[in-house]
Amino acid sequence: MRLMIAFTTIAAAAAAALALSIFAARASADGLNKSASTGLYWSTAKEEGDLVAKADAAGDSSLLWDDDDENHRDFDAGGFSSLDGMLQWAIGHSDPSKLKEAAKDVQRLSPDELKKRHMEIKELMEKLKMPSDAQLMRIAIDDLKNSSLPSEDRLRALEELSTLVEPIDNANELHKLGGLIIVIKQLNHPEQEVRTASALILGKACQNNPVVQKQVLELDALAKLIKMARSEFVEEAIKALFAISALIRNNFVGQELFYAEAGELMIQDILSNSSIDIRIQKKSVLLVADLAECQLENGSNPEPLFFHNRFFLRSVVDLLASVDLDLQEKALYAVKNLLQLRTEALVFKEFCGLDAALEKMRQQLQQLVMEENDSEYAKDVETLRGEVERIFIGKLNKDTQFPT
């Protein structure tokens with residue numbers, strides 16, 4: 001789609017030369033005032049009003065435009081809705097000296113030659129005109145409704161939608177156009193590539209968008225996404241986890257449904273499986289950090305029981321021993337948030353071995369700081385590690401002095 005827009009930009013520039021000559025001819029033919037400084041023809045406010053009235057009566061749109069006219073924005077919106085719009089765009093994006101030359105050259109053209117150029121512009125304008133985002137979304141949705149659509153075309157339609165739903169206004173239109181229902185239906189498709197692309201669309205549409213979050217939850221997509229997160233196909237699991245995170249982030253109703261669908265068991269299984277792809281672990285532990293942070297921000301809500309499950313807590317702490325610094329950092333954020341809940345410090349110490357894990361990590365980071373490649377990043381992670389350690393020690397001292 002972006003290539004089409006780029007092509008339209010280039011083509012429109014080529015059309016501008018023809019359009020300008022038509023403009024100059026129109027100005028001359030309509031008897032407009034000539035500017036001594038530029039050789040261009042402009043109308044006074046009164047004459048322009050007369051031209052508008054005359055154009056309305058004659059059914060002709062050949063007149064000058066105000067900068068605020070909506071035609072001026074036609075090209076940025078994806079195409080030209082009229083020849084006037086194309087001319088306005090061409091004038092605004094042209095060299096004044098070339099405009100002057102065009103005005104002189106066109107005066108030598110015969111009426112037949114002018115009419116021929118006029119028709120050329122109109123034909124080219126039709127080729128350049130681009131559909132709106134809503135129209136493109138409707139086309140993709142209609143394609144997806146076709147059960148006999150080849151897989152290649154189905155994926156193309158999903159990829160198009162994936163780009164189109166990124167702006168929040170477009171995402172809000174998706175359900176109105178019937179798109180959410182058809183995309184969620186694709187989560188049951190036998191081909192994992194189709195399921196993966198569909199989950200990505202849902203994730204993008206739900207990001208920081210309570211309206212779409214509510215719509216997706218009401219359409220019962222969460223259970224399907226949780227099932228997909230356990231997929232043996234890595235990309236499918238990653239996109240499903242992305243969609244889950246976007247769907248329930250800062251959404252208490254969504255989080256309740258997540259726990260009702262045993263989403264926490266899915267997370268625990270992923271985190272405790274050392275052979276699973278590390279990218280899936282990263283997505284999962286980030287989800288844990290988000291859930292714990294949301295709980296901290298809404299302290300009046302009862303804490304989910306799995307936050308106090310010692311096996312779950314240990315699966316998070318164990319990630320601190322990873323050789324991947326990015327995963328370690330994400331695990332630190334999760335541990336930091338979990339420590340600030342009503343969890344037990346002694347469980348972190350005696351069952352999870354958090355004190356030993358943090359010390360081992362300190363030594364590892366100290367070594368990385370001495371190396372040139374990761375030194376700055378390692379310093380940042382060490383700062384976070386130190387913060388987690390201080391929270392842990394403070395919580396441990398408090399729980400020891402005032403046991404719950």
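## Briefing: helix packing and loop residues

Helix 11 is followed by Asp 220, which has a positive phi, near 60 degrees. The model is a predicted one.

- Helix 11 spans residues 210-218, and its buried residues are Val 212, Gln 213, Gln 215, Val 216 and Leu 217.
- The cover over these buried residues includes helix 8 (168-174), helix 9 (179-185) and helix 10 (192-206).
- Helix 12 (222-228), helix 13 and helix 14 (252-260) are also included in that cover.
- Asp 220 sits in the loop between helix 11 and helix 12.
- Its phi is positive, about 60 degrees, although Asp 220 is not a glycine.
- Asp 220 has 56% relative accessibility, over the 50% cut-off, so Asp 220 counts as exposed.

**Helix 13**

- Helix 13 covers residues 234-248, 15 residues in total.
- From first C-alpha to last, helix 13 reaches 21 Å, close to the 21 Å expected at 1.5 Å a residue.
- Of the 15 residues of helix 13, 13 are buried, so the helix is largely enclosed by the rest of the structure.
- Asn 250 follows helix 13 and has a positive phi, near 55 degrees.

**Ser 284 in helix 16**

- Ser 284 belongs to helix 16, residues 278-297.
- Its relative accessible area is 0%, so Ser 284 is buried.
- Neighbours within four places in sequence are left aside here: Ser 284 is in contact with Leu 241, Ile 267, Ile 270 and Leu 271.

**Helix 15 against helix 17**

- Helix 15 (residues 263-271) and helix 17 (residues 310-317) have axes that come within 9 Å and cross at roughly 45 degrees.
- That angle makes helix 15 oblique to helix 17.
- The crossing of helix 15 past helix 17 is left-handed.
- From helix 15, the residues in the contact are Ile 267, Gln 268 and Leu 271.
- They meet Phe 311, Phe 312, Ser 315 and Val 316 of helix 17.
- By class, the contact of helix 15 with helix 17 has five nonpolar residues, two polar ones and no charged ones.

**Helix 18 against helix 21**

- The axes of helix 18 (residues 325-339) and helix 21 (residues 375-401) come within 10 Å, crossing at roughly 25 degrees.
- Angles under 35 degrees count as roughly parallel, and helix 18 and helix 21 are therefore roughly parallel to each other.
- Helix 18 passes helix 21 in a left-handed crossing.
- On the helix 18 side, the contact is made by Leu 325, Asp 326, Glu 329, Leu 332, Tyr 333, Val 335, Lys 336 and Leu 339.
- On the helix 21 side, the contact residues are Tyr 377, Ala 378, Val 381, Leu 384, Arg 385, Glu 387, Val 388, Ile 391, Phe 392 and Lys 395.
- By class, the contact of helix 18 with helix 21 has 12 nonpolar residues, six charged residues and no polar residues.

- Ala 262 lies in the loop between helix 14 and helix 15.
- Ala 262 has a positive phi of about 60 degrees, although it is not a glycine.
- The relative accessible area of Ala 262 is 29%, so this residue is partly exposed.

Key:
Residues are numbered from 1 along each chain as its sequence is written. This is a predicted model: local features need pLDDT of at least 70, side-chain atom pairs count only at pLDDT 80 or more; totals for chains, interfaces and linings use all residues. Side-chain values use heavy atoms; hydrogens and water are left out. Axes are lines fitted to C-alpha atoms, for helices over the stretch in contact, and angles run from 0 to 180 degrees between N-to-C directions. Helices (H or I, at least four residues) and strands (E, at least two) are DSSP runs, numbered from the N terminus. Angles under 35 degrees count as roughly parallel, over 145 as roughly antiparallel, 65 to 115 as roughly perpendicular and the rest as oblique. A crossing is left-handed if the near helix is turned anticlockwise from the far one by less than a right angle, and right-handed if clockwise. Contact means heavy atoms within 4.5 Å. Ala, Val, Leu, Ile, Met, Phe, Trp, Tyr, Cys and Pro count as nonpolar, Asp, Glu, Lys and Arg as charged, and the others, Gly among them, as polar. The expected span of a helix is 1.5 Å times one less than its number of residues. Buried means under 20% relative accessible area, exposed over 50%, partly exposed in between (1.4 Å probe, protein chains only).
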